[in-house]
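Hi everyone, thanks for coming. Let's have a look at this one together, and I'll walk you through a few spots that I like.

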Amino acid sequence: MKHDAVELRWLADGTYWLGGCLSASAQGQEVHYHVSSYLVVGSEATLLVDTGDPAHRALLLAQLELVLGERPLDYVFPTHPEIPHAGNLPALLDKYPGALVVGDVRDYHLHFPEYRSRLRTQAAGSRIDLGGREFRFLPAFIRDLENTLWGHDDGARMMFVSDGFSFIHDVPAAGGAASEDDDEPVHLPGQCRLLSGEMPEPPTVDQAAYGTGRALYWTKFVDVSDAFDGIEAVLDMLPTTLIGPAHGNVINDVDGMLRTSLAAHRKVYAEGR
Amino acid sequence: MSGLLSGRIYRLGGDIELDERVSWCPPGVRRTQAVNCYLIKGPSGSVVVDTGVRLHQEGIIEQLDRLLSPGEPLSIVLTRTEMECCLNIPAIEERFPVGSVWYTGGITVPRSKAESKRIAVDPGTSMRVEVLDGIVVELVSPLLRLLPTLWVFDPESGGLLTSDAFTHGGSAGPETREGLRKFRWFTGADTSPIARNIGDIFRDRDVRAVGPGYGTPFIGRDMCLEQAGELARAIEEMGIQ
Ligand SMILES: [Zn+2]
Ligand SMILES: [Zn+2]
């Protein structure tokens with residue numbers, strides 16, 4: 001897989017979509033896969049959601065510098081300890097010596113022992129005041145690793161959902177070499193950094209189901225309808241106009257995509273049993 | 001470092017404090033726990049299965065130094081692409097000649113010069129692969145998983161390296177359920193096929209040692225079969241009835 005630089009994108013006041021795309025060839029066609037980070041800038045403090053992949057280390061540091069200028073990065077929130085979400089922690093902590101790692105930081109002292117003094121637990125429900133906006137840590141309603149959290153920024157009314165809500169918009173041709181463990185939600189070159197509403201077509205339930213079943217194997221065997229009740233309860237409490245997945249396009253049609261996603265999960269479960 | 005199966009498989013790594021700072025720690029438990037990776041010695045090269053946590057990096061490099069002859073070719077096989085499996089690849093690559101890194105799942109792994117060998121084995125099946133000249137292992141894709149996972153079976157010695165399964169060994173009174181904390185999704189699923197798959201894996205192979213990614217190993221045919229039976233039972237009980 002090679003990595004392609006893509007421009008960062010301004011999403012809302014003080015809210016930026018950073019990171020890059022990995023690209024691979026699937027059935028002879030070039031496809032892309034977002035590995036995204038989101039930067040939230042308050043008047044007092046700044047916070048980065050997910051560190052991106054080490055393949056994008058230089059790109060991410062340059063993007064941060066472009067937005068932050070002389071300001072420091074104060075908080076890094078890896079949603080969970082996997083390479084595309086936390087792999088750039090050392091580079092970020094070295095570059096920003098005052099930055100703290102926040103979230104469910106269990107296990108990080110085993111992976112990054114030299115930074116153990118910079119780990120701060122932020123439990124689901126806790127908040128950080130960034131100045132003029134508040135970042136709230138949320139339970140990860142749909143996740144793989146146990147120490148995963150989601151987040152919400154009330155400034156941009158944006159929810160950050162890690163590996164949740166990563167759809168693909170094109171299902172690879174039937175009979176291709178895709179296997180159970182090919183789990184990337186892909187998009188085509190030229191569709192990088194598009195909002196869901198800017199894609200040529202919204203994903204069908206079938207397309208969403210294809211991505212869903214691959215990204216989270218276990219959801220084939222578990223009915224996740226309850227998780228959606230939890231998500232809807234949070235959305236009722238915290239107004240949300242944008243949803244930022246780590247690997248899919250940013251969602252700006254929240255109601256429509258929730259419906260598609262729930263239907264997709266139900267389809268995956270019905271077929272997995 | 002200790003021999004898992006003498007002369008063929010060695011267990012590397014070290015101990016951690018198992019407490020509330022560790023995501024797989026059962027509630028209320030405080031003790032030390034081994035975190036393991038393994039070395040399979042072949043006639044003209046060796047295979048490292050997982051690379052341990054970075055906390056143990058120095059120790060693991062020293063252990064490899066003692067076991068390997070200078071210039072000995074290496075392959076790395078990852079059972080998962082999680083951090084406790086892959087974060088020491090760069091340090092190992094820097095010191096030893098690593099030809100290839102075998103792994104499954106979509107996530108990239110932190111290797112530099114070694115060839116990346118991404119393979120997919122459908123859950124519930126297995127595949128024999130010569131991961132290094134002269135070393136053929138069977139990569140078993142278990143239904144017992146959270147993320148894409150491979151267990152590594154070495155037919156020559158009967159060693160089965162089980163990644164994040166069989167991880168309850170090492171406490172005074174080992175509770176099989178304690179090793180299943182990571183697989184919380186089992187409580188919402190029909191787990192019978194997963195339990196059956198454990199039985200099949202042990203029925204179809206002559207397993208003489210089980211080497212988990214954390215916790216102490218289980219040695220001897222009878223012990224392995226007994227543990228497999230208990231794990232299958234615990235999985236069955238955890239699921240929706
Ligand atoms: Zn991810
Ligand atoms: Zn792209």
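Let's begin with the metal: the zinc ion (ligand 1) is coordinated by A:H85 (NE2), A:D163 (OD) and A:H247 (NE2), at 2.0 to 2.1 Å. Donors here are N, O and S atoms within 2.8 Å of the metal (3.2 Å for Na, K and Ca), and water is not among the atoms, so sites may look incomplete. A:D163 sits in the loop between β12 (158-160) and α5 (205-215) of chain A, and A:H247 in the loop between β13 (242-244) and α7 (254-272) of chain A, so the pair ties together parts that are 84 residues apart in sequence. Helices (H or I, at least four residues) and strands (E, at least two) are DSSP runs, numbered from the N terminus. Both A:D163 and A:H247 are buried, meaning under 20% relative accessible area, with a 1.4 Å probe and protein chains only.

A quick word on the ground rules. This is a predicted model, where local features need pLDDT of at least 70, side-chain atom pairs count only at pLDDT 80 or more, and totals for chains, interfaces and linings use all residues. Residues are numbered from 1 along each chain as its sequence is written, chains are lettered from A and ligands numbered from 1 in the order in which they are written, and side-chain values use heavy atoms, leaving out hydrogens and water.

Now to chain B: is B:E72 buried or exposed? B:E72 counts as buried, because its relative accessibility is 8%. Its side chain also contacts B:K41's side chain through a polar contact of 3.1 Å, that is, N or O atoms within 3.5 Å; within protein, one must be able to donate a hydrogen and the other to accept it, and residues adjacent in sequence count only if both atoms are side-chain atoms.

Notes. Buried means under 20% relative accessible area, exposed over 50%, partly exposed in between (1.4 Å probe, protein chains only).
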